Amino acid sequence: MLPVSVRRRAGPERANINAAKRMTSIPSPSSRTARYADDRALASMLSAYIVCATIWLLFATAVGVLLALKFAWPELLSNSPALTFGRLRPIHTNGTFYAWASPALIGLALYVAARSSGTRLYSTKLAWLTLLLLNLAALAGTITLALGFNDGDQEYREWLWWIRVILASGLITAAWNLIATVARREGKDIYLSNWYTIGGTLWTIIIVIVALLPWYQHGLGQVAVQGYYMHNAVGMWFTPLALGVFYYALPKLMNRPIYSYSLGIFAFWTNLAFYPLLGAHHFLFSPLPWWLQTTAIVCSVAMLVPVWGGSANFLLTMRGRPERLRRTPAAFILVGVLGYLLSSTQGTVEAFRSLQRVWHLTNFTVGHSHLTMYGFITFAIWGGIYALLPRATGKDPNNLLMGIHFWLATVGVLIYVVALSVGGTVQGLDWIRGAPFIESVTDMAPYWLWRSVGGVLMFLSHMLFAWNVWTMTYARAGVAGAVAAPAVAGA
Amino acid sequence: MNKLLAIAGGATLLYAVLAVLMGVIPGIELSRVPPGPGVGPLTALEARGREVYVSEGCAYCHTQQVRPLPLDEVFGRPSAPGDYAYATPQLLGSERTGPDLSNIGARQSSEIWQYIHLYDPRAVVPQSIMPSFRWLFEVTDEAPQGLEPVPVPKPYAPAQGVVIPGPDARALVAYLLSLKQAALPGAHGDSAARAATTAAAATSMAATPATPAAPAATAAASSVFDAAEGAKLFAANCAACHGAQGAGVPGVFPSLHANPAVAASDPSEHIGAVLHGVHGKSIAGVTYAAQMPAFGPMLSDRQIAAIIDHERTSWGNHAPLVTAQDVAAARAKR
Ligand code: HEM
Ligand code: HEM
């Protein structure tokens, strides 16, 4: 232990200390007046991002619950084409991806960029434009999917091309704002969070463009691009942005610097080296070239390096401070970190050919999708919001409601993931046994029912979360549960 | 600023290189894979059907990729790169809530079955959780000229009028029926050959760990009737129409309980029906609009014998058994 913590004091790690200092120091009265307007602008920007994202979360997961119920009652709301499973499913996935998680993460990233650089946002107007573009894309995407315009059933890029151009413009404006804000920073060093958020946003612009251009996407060629796209969207977009939230919010909540700054940088570069190569693991045993599939498997194993390195860094930052972990924002982050660690390790195990034979194409994958996108990403966002939004607006949420939100969501996602992991295994073994196909459908029935139970708990937790967001943003201070917190400038 | 440039620029550049290597270049290369033998473009109607398939999101529950694994053999031969030359957008899928459809045109060739199933899947597969797609159909008082109404079984049919497939339903079914895997060079219909193509496809993809089942060993033990095998094959190939218990769907697909061909001690009609299919034959006074598909090209002699023996010994039937040799002899006669 000792050598690491000693080395921590040297070199670029100073930035960490500086940032930590900035987080706790209170500026002089004169600069406080000067920054008052900036703080207000930043707070209203962040509030708007979080409120919009929350509305989309409610919508997209209400759709998720309906989808889950359709597995038990396929005739539920089955008379309108707009409400058929095959149209609602991409509305659910794109909605949670690009209307819930993305705006929430971009809002947090912009806030963190300004705060950790000790400056104001480069342009609040640009931030509003980004939000407008993201909402526009989500609205257009949802409506067109409901009308049956689906760009080829290519998962997570089903929106028509022009809608994805709007999404890409949103990302470009966000990247510009992030970079320009960090360029205005006080010190020389760039805080770690900004590495991850700026990197993630720039990479994602490339991902969206590669996925958009049609020239090299015919037949099997499109299969290769789709494999690349699916895990790059989750691994090079949501993952780095959520890690950026961890790197900023965790030191704040623990009131100590991140355990090892250099480990964070190491994880950054290894993540970049391995994640882009593992896309073909979505199409194992398909006619894609065997070398591409093998590369994907090898890199899926190599991903353990950044995943375990990053998780250890977060867990060591939390060590020995149980009293702080019990406070709710930190508990959300703890689940998020564990979600990252467990789900990514699960992903590695799942990528082996021997286990793909059982789990590929089954509901086990859907369990993995939710352990990652929910247990990791969504919890990270919640932790970030509960940790940072009250500091921005000066309004605290009700502690009890926050606690209930935490437990409903945690228990709900646990039921969801366990049910589908067991069910998916049963499904895969049915196929291997050579049972008639329909048996794998009837055998899943109880597990699908349990998934709905977990899903309903999750959805209830989102309603409480929405209420909490309201109290942290637009509610008048003092209204039902909203607690006025002393606004600490520079928080 | 320089540090920012180095991090942001360096990471972006590195990522761009990896994205080109892992996304764009494989895309370019594999987009050029030539069509396999017998793989051709879709007709205009089938292509329209494919668009309906995409817009209704069938691909979220159905794959179109048969893996070189024993558990996928029920869906056809392993998919080959050349199968996808005309398949844009690709519809390989990532989840198999419903069966693989790569070869559905061969596995379930009855247009009428497809229409009933799309109108309400539970009309033919009671346990199904597939959505119904009723808006692809029209309900009218009378079938217009030149269009046959879909014989939807009573409990699932509208109270009034007849069900007519709309243009999108016709296109979709034309597309589904076009999904037939072209035979790979040197392959035949029987399971030994199918296993052999599994091995061939596997080796062509370099070191596959897949171990195709040893066909020779199982084929040897043929004269004894394997009841479990017969029941399994019946469930996989026949139950969709004749029902899991052989009771059929009244007026649409005949019951096999006390069916004259099944009950007869001379099995030639029974064998002939399964090998070559049946069309327009009146059974117990009912004429069926749907066809009984021919299974000769899809199943081996041993498998057909097992299915026939399953039928001859189930649901109160007690007819003499047949052997793979009987089936082979009937095959040779035509
Ligand atoms: C080391 C890290 C990871 C590895 C090795 C990994 C591996 C895998 C594998 C092998 C599959 C395909 C499963 C199948 O089709 O049978 C998969 C699917 C998926 N993964 Fe991961 N995973 C990792 C981390 C993550 C993370 C962090 C996220 C989210 C942020 C994520 C999101 C998803 C999603 C959404 C799918 C489903 C894709 C689809 O079929 O639609 N994974 N993962
Ligand atoms: C109330 C909470 C939720 C419920 C009940 C729910 C339910 C569902 C259902 C039923 C499916 C379709 C599974 C299938 O086709 O077999 C699905 C797919 C999916 N959902 Fe959710 N969901 C919820 C929340 C979320 C959230 C918050 C996210 C992301 C942030 C998310 C991401 C996904 C993804 C990526 C898939 C595709 C899975 C795959 O292809 O493997 N879900 N969800």
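Modeller: Helices (H or I, at least four residues) and strands (E, at least two) are DSSP runs, numbered from the N terminus. This is a predicted model, in which local features need pLDDT of at least 70, side-chain atom pairs count only at pLDDT 80 or more, and totals for chains, interfaces and linings use all residues. Residues are numbered from 1 along each chain, chains are lettered from A and ligands numbered from 1 as written, and side-chain values use heavy atoms, without hydrogens and water.

Colleague: Which element gives the most residues to the shell around ligand 2?

Modeller: The shell holds 28 residues, each with a heavy atom within 4 Å of the ligand. The elements that give two or more are H3, H4, H15 and H17 of chain A. The largest share, seven residues, comes from H15(A).

Colleague: What arrangement do the donor atoms form around the iron atom of ligand 2?

Modeller: NE2 of His92(A) and NE2 of His370(A) coordinate the iron at 2.0 Å; donors are N, O and S atoms within 2.8 Å of the metal (3.2 Å for Na, K and Ca). Six donors count as octahedral if opposite ones are over 155 degrees apart and all others between 65 and 115. The six donor atoms here subtend angles of 88 to 180 degrees, so the arrangement is octahedral.

Colleague: Is His370(A) buried or exposed?

Modeller: Buried means under 20% relative accessible area, exposed over 50%, partly exposed in between (1.4 Å probe, protein chains only). His370(A) has 17% relative accessibility, so His370(A) counts as buried.

Key:
Tetrahedral: all angles 85-135°; square planar, octahedral: opposite > 155°, others 65-115°.
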